[in-house]
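Subject: Structure for you to look at

Dear colleague,

I am handing over the structure we talked about, and below it I have set out what was found in it. Please read the notes with the model open beside them.

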Amino acid sequence: MPLPYSELVMEHFRNPRNVGRMDDPDAKSVEGSPACGDMVAVYLKVDPETQRIADVSFESYGCASNIATGSIITELAKGKTLEQAKKITWKEASDALGGLPPIKTHCSVLAVDGLRAAIQNYEERHGLVKERVPTTVEVVRKRLKRVMNPLTGLDLVRTNLVQDVEVAEGKVRVVIDLPADHQFAANIREEVTEKVEPLWDVEHVIVEFTD
Amino acid sequence: MFEDVVYLDNAAATRLDERVLEAMKPYFFDLYAVATSQFGYSLGIDARDALDVARGQIAAALGAGLEEFVFTSGSTESSNLAVKGVALALGEKKGRHIVTSAIDDFPVLHSARTLERQGFQVTRVPVDETGRVDLDRLRDAITPETILVSIQAANQEIGTLQDLKAIGEIVRGNGKGTGTLFHTDATHSFLRVPLDVREIPVDLVTVSAHTIHGPKGIGGLYVREGTPIRKWMDGGFQEFDLRPGVENIPGAVGFAKAVELVTPDETARLRTMRDRLIERLLQVPESRLNGHPVHRLPHNANISFRFVEGESLLLHLDMRGFAVSTGSACFSRSLEASHVILGIGGNHERAHGSVRFTFGRFNEDEDVDAVAKAVEEVVADLRRISPLGKD
């Protein structure tokens with residue numbers, strides 16, 4: 001077959017494991033955005049005694065490699081402790097699938113990020129964040145790298161749309177270099193807030209636009 | 001192996017008609033000589049005659065004369081010749097400004113970009129949400145420096161037809177004579193939508209055999225008599241000194257045969273299939289037609305399905321035996337979303353879930369219901385695993 005995908009990728013694409021929305025999850029994450037491309041949601045149930053992932057599921061709005069990575073990542077994570085699951089890399093996921101085309105890295109990394117973000121969400125919700133690193137401009141910028149610019153499908157930082165970031169006393173101010181009446185302004189504001197607000201010491205997020 | 005495939009990507013390439021192959025065969029095995037001048041040997045003279053008969057047939061289909069049609073290797077080369085050839089002829093004499101549309105196909109857009117790097121100015125006129133060029137913006141874009149306006153006849157993805165007559169009249173300054181030339185890429189509309197150069201004020205028209213069940217590797221450019229244009233590829237003096245290289249006579253003969261075989265009845269049949277497919281697929285929740293509802297190619301349906309991604313949709317349809325195309329970024333080699341969907345004001349999401357279905361001679365009526373059913377099922381399956389559209 002001339003398909004660039006391995007048999008294993010196609011198998012997981014055809015029959016994704018652990019797929020679907022979970023009722024009443026202990027944690028969840030949504031990575032990516034519909035406006036710019038692929039999107040993955042990851043849901044977790046965690047055994048509070050053992051800190052092991054009792055159940056995990058995912059949803060995908062994406063291409064074959066995105067769906068297949070979402071599928072394999074849930075198989076790899078199930079039964080692992082949060083600490084172990086956190087360390088699952090894109091390389092491991094890719095190897096478990098018999099390799100992924102290099103050009104599809106972005107779509108498949110999204111699923112790995114989704115698992116990590118769900119674990120992070122669990123830790124933030126359950127007061128398990130050990131090192132409470134104070135939020136800095138750098139920390140905010142790192143989070144903004146996960147917000148996509150719908151015009152290009154690349155993230156806000158890489159496309160130079162983040163004009164300014166200020167952090168002071170629980171308040172984060174982000175200035176986006178787009179007019180406020182831009183077609184994606186509301187969309188970007190929502191996503192920036194969604195990514196920055198869960199930080200433990202952030203109380204308020206202000207997103208401003210240039211004219 | 002592929003006998004059972006329902007092929008709905010006829011805008012990309014079409015299956016060769018056997019009658020075309022039969023017409024071509026003698027020019028591989030009997031009359032294989034190069035087209036010689038009238039003073040050459042008989043075999044070469046016969047080859048020359050065959051080339052000119054083919055040329056005359058194709059030119060006539062455009063309402064053009066024999067000496068106004070140049071054979072090329074296909075529409076990509078034709079559009080390169082039109083854009084770069086006019087730039088070579090007029091860049092020094094008249095000006096260095098070219099106008100095209102935001103949604104034209106890559107041969108035109110990228111030729112313009114190449115010229116831009118060499119100091120030409122390029123204006124890309126925007127289109128409305130149906131894909132039609134904004135005629136006021138076009139009028140404003142043309143200056144005394146403008147040597148060429150290149151705007152496609154029909155869009156490769158969403159099938160929108162442009163009003164070539166209105167565009168041509170604007171380019172000509174409504175009879176005032178601007179010296180600006182008008183090129184149109186008619187690759188996707190050739191013979192499916194009438195285009196007669198005696199009625200449309202156009203100077204250059206790109207056409208190709210690969211979209212009308214002819215062979216790949218042969219196309220042509222209509223060049224109105226007296227049009228200032230120079231060859232951009234160097235070599236011999238073939239094709240009225242516009243396109244050097246040994247003539248592809250089997251290709252030319254096949255192209256002419258393919259032209260002969262397209263009929264208005266066939267086009268009407270494709271239109272009926274297209275209409276039924278659009279009607280069925282628009283019943284899928286959260287779907288929308290891309291392109292113009294009326295001014296569109298008779299064999300093109302382009303529909304976006306929200307909450308699903310095109311490459312996944314395409315692969316599932318492929319597994320069920322249907323060949324379609326998508327404007328999703330995931331599908332493209334560059335991972336860039338369709339510039340056409342973005343050009344009509346759509347976002348990545350709309351491009352992401354867009355699917356193009358294009359009909360051809362070898363589709364049968366039952367293909368419509370079969371593909372519609374498959375799409376309905378695959379869209380429902382993918383929406384089941386999508387995080388979107390559930391709240």
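To begin with charge, chain A carries 26 positive and 34 negative side chains, and the centres of these two sets lie 4 Å apart. Please keep in mind throughout that this is a predicted model, and that the values below are computed from it.

On the overall form of chain A, its secondary structure comes to seven helices and eight strands. Its radius of gyration is 18 Å, close to the 17 Å that the globule rule gives for 211 residues, so chain A is as compact as a globular protein of that length. The C-alpha trace of chain A spans about 50 × 45 × 30 Å along its principal axes, and 51% of the 211 residues in the chain are buried. If one takes the contacts in chain A between residues at least 6 apart in sequence, 62% of them join residues at least 24 apart.

Turning to the interior, nonpolar side chains in soluble globular proteins tend to be buried together. Here the largest nonpolar core holds 61 residues, and the members that touch the most others are A:Leu44, B:Leu277, B:Phe305 and B:Phe357. Helix H14 of chain B (residues 365-384) gives the largest share of this core, namely eight residues. Leaving aside residues up to four places away in sequence, B:Phe305 touches a set of residues that includes B:Leu281, B:Val284, B:Leu313, B:Val355, B:Val375 and B:Val379, and also B:Glu286 and B:Arg383. There is also a second, separate core of 58 residues, among them B:Met24, B:Val197, B:Ala258 and B:Val340.

Two backbone details may deserve a look on your screen. Most residues other than glycine have a negative phi. A:Asn160, however, has a positive phi near 60°, and its place is in the loop between strand S5 (154-155) and strand S6 (162-168) of chain A. The relative accessibility of A:Asn160 is 61%, and because the cut-off for exposed is over 50%, A:Asn160 counts as exposed. B:Phe240, which is not a glycine either, has a positive phi of about 55°, but B:Phe240 lies in helix H8 of chain B (residues 238-241). With a relative accessibility of 40%, B:Phe240 counts as partly exposed.

With best regards

Methods
Residues numbered from 1 in each chain as written. Chains lettered and ligands numbered in written order. Predicted model: local features only at pLDDT ≥ 70, side-chain atom pairs only at ≥ 80, totals over all residues. Heavy atoms only, no water. Core = buried A, V, L, I, M, F, W, Y, C linked by side-chain atoms within 4.5 Å. Buried < 20%, exposed > 50% of the residue type's maximum accessible area, 1.4 Å probe, protein only. Helix = DSSP H or I, 4+ residues; strand = E, 2+ residues; numbered from the N terminus. Contact = heavy atoms within 4.5 Å. Rg over C-alpha atoms; globule rule 2.2 N^0.38 Å. Lys, Arg positive; Asp, Glu negative; His and termini not counted. Charge placed at Lys NZ, Arg CZ, Asp CG, Glu CD.
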